[in-house]
Amino acid sequence: MKMSKKFHLISLGCTKNLVDSEVMLGCLSAYENTQDVSEADVVIVNTCGFIEAAKQESIQTLLNALEAKKDEAILVASGCLSERYAKELKQEIPEIDIITGVGDYDKIDVMIQKRKKGEEICQSQNGVFLANETTKRVISGSKIHAYIKLSEGCNQKCSFCAIPSFKGKLHSRTLESTLKEVQALVKQGFRDFSFISQDSSSYMRDLGVKDGLVALIKGIDKLVENGLDLRSARILYLYPSTTSKELIQAICDSKVFVNYFDMPLQHASPSVLKTMGRSHHFKDLLKEMRKTPNSFVRTSFIIGHPGESESDFEELCAFIEEFPFDRMNLFAFSKEEGTKSAEMEQIPQKTINARLKAINAIFTKQYQADLKALKDEEIVVIIEGKSEESEYFYSARDVRFAPSIDGEILINDSLLEGELEAGYYKVKITEVVGENVLGRVIARA
């Protein structure tokens, strides 16, 4: 049989999933990556199974791929949904050729060859794959930014979350491994990094190191002091129970790590947080974050968790009024099988929707006021390339922002001559129209 030469990969869900997709890209270097699913010989959907909406998106994407692909093309379902529901997927969509979970992204090329020889592949692994400095990986979507995955699994016991049930306990890579990967990517030209995991503030606790992120920050800073050309970095997904004031201070003191704090709180009512199995000791941490110069604070809240009374919800609203966040994700509670929360008495969807609408109105008002206040400000941004909005705009983000989630600054003017390359620039915000922020490049940064 002639070797297939084209593949099409769809990566769903979080940035942690994206890193795993980039590992598969590295394994498939013998194939041409095509954006047209209909001409691909191999179609891969790296699924997400975090909440119900993500499951439905994954299933629909698989069905769409099945309809659009060539008859002889191999369809692969990988990732979290495949790990949780391998047997169900095989029963419901038997046309899927390869079903593989979260333990063998680095073996995708081997699985494809086995399938071509007629082998049935429907498997999930004991354990989760975690890339290290030796893993071949193709960074996608940026010439300047890369994600670094610090760990897999989670030791937290949140009542609503199913992730530990299929990703297991915390498993961190070593500091040496992480620093080596960063150095290798800087040599490839990457200058901006986001460090990610399910619970980044617990990094290396399973290896007996209490403040692993502090060690990481100091390790990166030392490399830069010794000449490593790394410009900026940030950490995503801090937990209140494992974030220390020492960590916040280390971020503040670093010349490389921006003062970006992404801490999903999930609620503000101590009663609801107790039901969730979450810490309610975070107000002092938030104050420390806000004290840092030019800080940027992001969070997430779950609305309608079982047991959330009207007074609990009002307490959450009052908290958000008292402590405005720079960015906020709002999720309707998702009943996940196998979790404690799923066994509790559920709140009617109509009530959840009304609460979501109310709390979104509070944040939207704050967010729009913050955007308007940007006019005439001068900030350092990272330009990635042309914007998807229009070929007449460059796409930029505040150097503090994480890619894709924190917003885009549209550059429509420049005091510099010629085309703008991916890199760091000083920009003056010239106009704010609705949620569109426009800026002029005034210098390189």
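Predicted model: local features only at pLDDT ≥ 70, side-chain atom pairs only at ≥ 80, totals over all residues.

Biologist: Thanks! Where does Thr178 lie?

Modeller: Helices (H or I, at least four residues) and strands (E, at least two) are DSSP runs, numbered from the N terminus. Thr178 lies in helix H7, which covers residues 175-187.

Biologist: Is Thr178 buried or exposed?

Modeller: The words have cut-offs: buried means under 20% relative accessible area, exposed over 50%, and partly exposed in between (1.4 Å probe, protein chains only). Thr178 has 0% relative accessibility, so it counts as buried.

Biologist: And which residues is Thr178 in contact with?

Modeller: Contact means heavy atoms within 4.5 Å. Leaving aside neighbours within four places in sequence, Thr178 is in contact with Ile148, Leu150, Arg173, Phe195, Tyr203 and Leu216. Ser414, by comparison, is 236 residues from Thr178 in sequence and 37 Å away in space, C-alpha to C-alpha.

Biologist: Now the whole chain, please. How many helices and strands does the protein chain have?

Modeller: The protein chain has 13 helices and 19 strands. Its radius of gyration is 22 Å, close to the 22 Å that the globule rule gives for 445 residues, so the chain is as compact as a globular protein of that length. The radius is taken over C-alpha atoms, and the rule is 2.2 Å times the number of residues to the power 0.38. Along its principal axes, the C-alpha trace spans about 60 × 60 × 45 Å.

Biologist: What share of the residues in the protein chain is buried?

Modeller: Buried residues make up 55% of the 445 residues. As for contacts between residues at least 6 apart in sequence, 71% join residues at least 24 apart.

Biologist: How many positive and negative side chains does the protein chain have?

Modeller: In this count Lys and Arg are positive and Asp and Glu are negative, while His and the chain ends are not counted. The place of a charge is NZ of Lys, CZ of Arg, CG of Asp or CD of Glu. The chain has 57 positive and 66 negative side chains, and the centres of the two sets lie 4 Å apart.

Biologist: Let's look at some charged residues. Which side chains make polar contacts with that of Arg234?

Modeller: The Arg234 side chain is joined to that of Asp192 by a polar contact of 2.7 Å, and to that of Ser194 by one of 3.0 Å. Arg234 sits in strand S11 (residues 232-235) and is buried, with a relative accessible area of 0%.

Biologist: Where is Asp229 found?

Modeller: Asp229 is in the loop between H8 and S11. With 41% relative accessibility, Asp229 counts as partly exposed. The Asp229 side chain makes a polar contact of 3.1 Å with the side chain of Arg191. Not counting residues up to four places away in sequence, Asp229 touches Val186, Phe190 and Arg191.

Biologist: What about backbone angles? Which value does phi of Met204 have?

Modeller: Met204 has a positive phi of about 75 degrees although it is not a glycine. Met204 lies in the loop between strand S10 (192-196) and helix H8 (212-225), and is buried at 5% relative accessible area. Tyr237 is another residue other than glycine with a positive phi, near 70 degrees. Its place is in the loop between S11 and helix H9 (245-253), and Tyr237 is buried, with a relative accessible area of 18%.

Biologist: One last stop: which residues does Thr292 touch?

Modeller: Not counting residues up to four places away in sequence, Thr292 touches Ile248, Cys252, Asn259 and Phe261. Thr292 is in the loop between helix H11 (283-291) and strand S13 (296-303), and is buried with a relative accessible area of 6%.

Technical notes. Residues numbered from 1 in each chain as written. Heavy atoms only, no water. Polar contact = N/O pair within 3.5 Å; in protein donor to acceptor, adjacent residues only side chain to side chain.
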